[in-house]
Amino acid sequence: MIATARDIDPSWSEALESQRKQDPAALRQKLGAQARMLIGLSMLRDRQPELYRARVDDFRVQRQIRAAVERLQQARTAGDATGEAAALAEVRDAAAREFELDVKARAHELVAMDKALKDARKRLQADIADRDARVAEVVAAAERGEMPKFGRGGEGGGAGDWWRRGEGDGPDRKSTRL
């Protein structure tokens, strides 16, 4: 997580590392929603490096925008018209970059979703082709006095899986015997 923060902003990762050493519980509390974002990004690093890079760049620019907005507010409070104009121009430029980076990242996400849908479609077609074998497996398990496994490869998840999830008035959820 800290390595991902380093990719976004090295000074941010240094601050996180320092806080982690001093008070890990306070760090978890302080990060809140940012922790989920950092964990999500960390998971992308190896699986989808192009999307990771696009999102890291996007978050980096978002942090730059926040810093520029703070400078804008300080300049307004101080009555510094030149500083205000410079900060506002920085916000405008960074906002345009952030928009482009967000669109780029979303395009990567759509490509990944398209691939996932194509893979899911192939798995569904294979499951349909294996219908008779799957029905035979359920019947054979029932004949042996065992609770059949539902779903692809016995993964479960079918409507008849109430016994595995511990729902309803079914048998003891740890039992595999009828």
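1. Helices here (H or I, at least four residues) and strands (E, at least two) are DSSP runs, numbered from the N terminus. Because its relative accessible area is 19%, Asp127 is buried; the term means under 20% relative accessible area, with exposed being over 50% and partly exposed in between (1.4 Å probe, protein chains only). Asp127 and Gly151 are 24 residues apart along the chain, and their C-alpha atoms are separated by 9.2 Å.

2. A word on the source: this is a predicted model, in which local features need pLDDT of at least 70 and side-chain atom pairs count only at pLDDT 80 or more, while totals for chains, interfaces and linings use all residues. Residues are numbered from 1 along each chain as its sequence is written, and side-chain values use heavy atoms, with hydrogens and water left out.

3. Now for the overall picture. The chain holds eight helices and zero strands, and 23% of its 178 residues count as buried. Taking contacts (heavy atoms within 4.5 Å) with a separation of 6 or more, 50% come from residues 24 or more positions apart.

4. Helix α2 (residues 10–22) and helix α3 (residues 24–31) pack at an angle of about 135°, their axes 6 Å apart. Axes are lines fitted to C-alpha atoms, for helices over the stretch in contact, and angles run from 0 to 180 degrees between N-to-C directions. That makes α2 oblique to α3; angles under 35 degrees count as roughly parallel, over 145 as roughly antiparallel, 65 to 115 as roughly perpendicular and the rest as oblique. On the α2 side the contact is made by Trp12, Leu16, Gln19, Arg20 and Gln22, and on the α3 side by Pro24, Ala26, Leu27, Lys30 and Leu31.

5. What does the largest nonpolar core contain? It has 17 residues, and those with the most contacts inside it are Ile8, Trp12, Leu16, Leu31, Leu38 and Leu41. Such a core is a set of buried Ala, Val, Leu, Ile, Met, Phe, Trp, Tyr and Cys residues joined through side-chain atoms within 4.5 Å. Two or more residues each are given to this core by α1 (2–8), α2, α3, α4 (33–47) and α5 (49–78), and its largest share, five residues, comes from α5. Leaving aside residues up to four places away in sequence, Leu31 touches Met1, Trp12, Leu16 and Leu38.

6. Do look at α5 against helix α6 (residues 81–129): they pack at an angle of about 160°, with axes 8 Å apart. The two helices are therefore roughly antiparallel to each other. By class, the contact of α5 with α6 has 15 nonpolar, four polar and 14 charged residues. Here Ala, Val, Leu, Ile, Met, Phe, Trp, Tyr, Cys and Pro count as nonpolar, Asp, Glu, Lys and Arg as charged, and the others, Gly among them, as polar.

7. Is Ala35 buried or exposed? Ala35 counts as buried, because its relative accessibility is 16%. Ala35 and Ala5 are 30 residues apart in sequence, and their C-alpha to C-alpha distance is 9.8 Å.
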